[in-house]
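Here is a guided reading of a few local features. Keep the sequence and the structure side by side while you follow the text.

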Amino acid sequence: MQVGLGDAPADWIMAFGNTVNSIMLTKADGSTVNVVPTAAPVEMMQTMGTMQPISAMNVTQGSYTQAAITLSAVSMSYMDPTTHTYNQKTMAGPFTATVPFSPMLTVGTSPMTKPYWTS
């Protein structure tokens with residue numbers, strides 16, 4: 001399985017960096033697998049509408065119901081659209097988001113591509 005992250009362009013954001021600490025997939029039987037075994041730093045503005053691979057690994061066949069994504073500190077620099085001043089913010093983590101898969105993500109023997117979470 002290859003795991004990638006992407007971003008859509010935003011005209012007032014200059015940089016948006018974070019570190020993906022883990023992405024845990026939950027199988028239908030409740031067991032979990034971490035598909036990002038080592039922390040992966042990501043600068044999202046470099047992707048600008050594309051996907052950046054952060055992990056590739058073998059995952060057991062089966063149905064997966066959700067992913068839990070944990071990020072460490074997030075750093076963002078941006079141009080304030082009202083005052084036109086440059087700002088930088090760092091927010092301490094960790095941050096965790098759970099993404100349910102509907103329908104479930106089924107990993108089988110055939111190659112496939114499935115975008116499941118976009119914002």
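Which backbone oxygen lies 3.1 Å from a polar atom of the side chain of Lys27? It is the backbone oxygen of Gln61. This is a predicted model, in which local features need pLDDT of at least 70 and side-chain atom pairs count only at pLDDT 80 or more, while totals for chains, interfaces and linings use all residues. Residues are numbered from 1 along each chain as its sequence is written, and side-chain values use heavy atoms, with hydrogens and water left out.

Lys27 lies in strand β2 (residues 13-27); strands are DSSP runs of E with at least two residues, numbered from the N terminus. Lys27 is buried, that is, under 20% relative accessible area with a 1.4 Å probe, protein chains only. Lys27 has no salt bridge, meaning a side-chain nitrogen of Lys or Arg within 4 Å of a carboxyl oxygen of Asp or Glu. The nearest side chain of opposite charge, Asp29, is 5.0 Å away; Lys and Arg count as positive, Asp and Glu as negative, and His and the chain ends are not counted.

Leaving aside residues up to four places away in sequence, Lys27 touches Thr60, Gln61, Gly62, Ser63, Tyr64 and Thr65, where contact means heavy atoms within 4.5 Å.

Most residues other than glycine have a negative phi, and most peptide bonds are trans. His84, in the loop between β6 (62-79) and β7, has a positive phi of about 60° although it is not a glycine. The peptide bond from Gly93 to Pro94 is cis, with omega near 5°, and Pro94 sits in the loop between β7 (86-91) and β8 (95-107). The bond from Ser102 to Pro103 is also cis, with omega near 5°; Pro103 belongs to strand β8.

How values were computed
Helix = DSSP H or I, 4+ residues; strand = E, 2+ residues; numbered from the N terminus. Buried < 20%, exposed > 50% of the residue type's maximum accessible area, 1.4 Å probe, protein only. Polar contact = N/O pair within 3.5 Å; in protein donor to acceptor, adjacent residues only side chain to side chain.
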